[in-house]
Amino acid sequence: MQGSLSLFDGGLIKRTKNRRMDAHFPFGNTSTIDWSSIIVVGLGLLLPGLLSAVVDRWWTRREYAQQQAARQTGEVFAIPPMLRSPTLFAMFALSAISLVMLIAALNGPQPGVTMTTGVGLCLLFGPLVIGGLMFLLHNTGMVILTAEGVLLRRPGHKRFLRYDEIVAVNSQSQLLAPGIVIRGRGRVLRIPRTLENRPHFYNVLLQRVAPGVRDAALGKTTAATKEGPVYTLTVSHRVWALYITGTVLFILIYLGIGLMGIWSGLARGVIPPFNTLWVRNALLFFLMVSLIFVPALIVVLHSLLTKYGPFKIAQPVAWQFYQQRICYRLPRSHWQERPASDLRHILLYPRVHQVRAQGIEQPVTLYMLILEFNDGAQLVIDQERATQFGQTPERLWAMLMELYEAK
């Protein structure tokens, strides 16, 4: 009995102590810390954010110092970074997650991560990290116009092309293509369209290359005469066909989604009732779809059919530049003519747009060409219209400055 009582008393004492501890800690044993979750959050979010901010600031300071040193050798045009901080964060986060999962896989089955999962994530995230690094290296650096030639500097490599080796200079209007392509004997320099002050770079470059290369870049293949136009700009039939085809397809998609109640029923062999309730519901759905498609359709039609461009300035769809006169035609209008002597200024106006994607803003500079006359009238060729002409604003500006002697 005594032995049983002592055992009972001991158990009672132990239970009493447990109740006292539970009274102090009503939620159980809170001393256990989930260190694995803390490590995952730290390596996956906090550490990549800190590293991206530090590397971005260091990279920016290093670029600024390099640009200041390069100004001693020539005129410097920077290639601004694009989405550097978000790209760095994504690269560091993917690398950290891959590292954590690989370590967990190497520790065996206890963490619940197999070797296939760990290695598979590394193989999956590896190309994304490499692609982010290539994106960063492509969207950074500088272009230097030295006394001898053009120097393209990017992290890790340099490419130099002498002026006397340049055989062609192309200013490209395609969206995904480089802004300016400089071809030499066995070497090509591709200058991105995000280059700072790109029109000035293009103009200075043309002044330093051979006259034949400059004339070819400006389209002066034959001698200019007083009878015929030196330059002719029109929206090609191919561009019109693409716009018309795209507009028709857009309208078909719009009607297909907006009238889905009719098409879906007919496709199943069911004729809609066409009563008051059905018509009301179909009309409400069509109006909701129209709120999205109609503004987009207006933007598409506006690009070619409107007479006015940015700032409500008249924007022709066709041009003929003669030595003594300028002819142009607005949409749905006849040809008009002005003497070239009335041309007061040829301006290349920059417009900075904030492009927003996934909550991230990136400034993008677009240029438009403005022809101002003595009576105050203005005509404009914006970036989109220049692309429709198969040209770029900086090339048009150089062409007209050459033709009308830098008015």
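Modeller: Two strands pair if DSSP finds at least two bridges between them. Helices (H or I, at least four residues) and strands (E, at least two) are DSSP runs, numbered from the N terminus. With that in hand, valine 169 stands opposite isoleucine 182 in E6.

A word on the source. This is a predicted model, where local features need pLDDT of at least 70 and side-chain atom pairs count only at pLDDT 80 or more, while totals for chains, interfaces and linings use all residues. Residues are numbered from 1 along each chain as its sequence is written, and side-chain values use heavy atoms, with hydrogens and water left out.

Now the sheet. Strands of a sheet pair through backbone hydrogen bonds, either parallel or antiparallel. Here three strands form an open sheet, in the order E5-E6-E7, and the pairing is antiparallel. E5 and strand E7 (188-191) are the edge strands, and each pairs on one side only. On average, neighbouring strands of this sheet are turned by 10° against each other, direction ignored. Angles run from 0 to 180 degrees between N-to-C directions, and axes are lines fitted to C-alpha atoms, for helices over the stretch in contact. E5 and strand E6 (residues 180-184) run antiparallel and are joined by five bridges.

Next, serine 171. Strand E5 (residues 166-171) holds serine 171. Is serine 171 buried or exposed? Buried means under 20% relative accessible area, exposed over 50%, partly exposed in between (1.4 Å probe, protein chains only). Serine 171 has 9% relative accessibility, so it counts as buried.

Which side chains does the side chain of serine 171 meet in polar contacts? A polar contact is a pair of N or O atoms within 3.5 Å; within protein, one must be able to donate a hydrogen and the other to accept it, and residues adjacent in sequence count only if both atoms are side-chain atoms. One partner is the side chain of threonine 392, at 2.5 Å. Another is the side chain of glutamate 394, at 2.9 Å. Contact in general means heavy atoms within 4.5 Å. Neighbours within four places in sequence aside, serine 171 is in contact with residues including Gly179, Ile180, Tyr202 and Arg395.

Tyr202 and Arg395 lead on to two helices. Helix H5 (residues 198-208) and helix H11 (residues 393-403) have axes that come within 9 Å and cross at roughly 45°. From H5, Arg198, Pro199, Tyr202, Asn203 and Leu206 make the contact; from H11, Glu394, Arg395, Trp397 and Ala398 do.

How enclosed is H5? Eight of its eleven residues are buried, so H5 is largely enclosed by the rest of the structure. Among the buried ones are Phe201, Val204 and Leu205.

Last, valine 209. Valine 209 sits in the loop between H5 and helix H6 (211-217). Its relative accessibility is 10%, so valine 209 counts as buried. Apart from neighbours within four places in sequence, valine 209 is in contact with Ile166, Val169 and Arg214. Valine 209 and valine 169 are 40 residues apart along the chain, yet their C-alpha atoms are separated by 9.0 Å.
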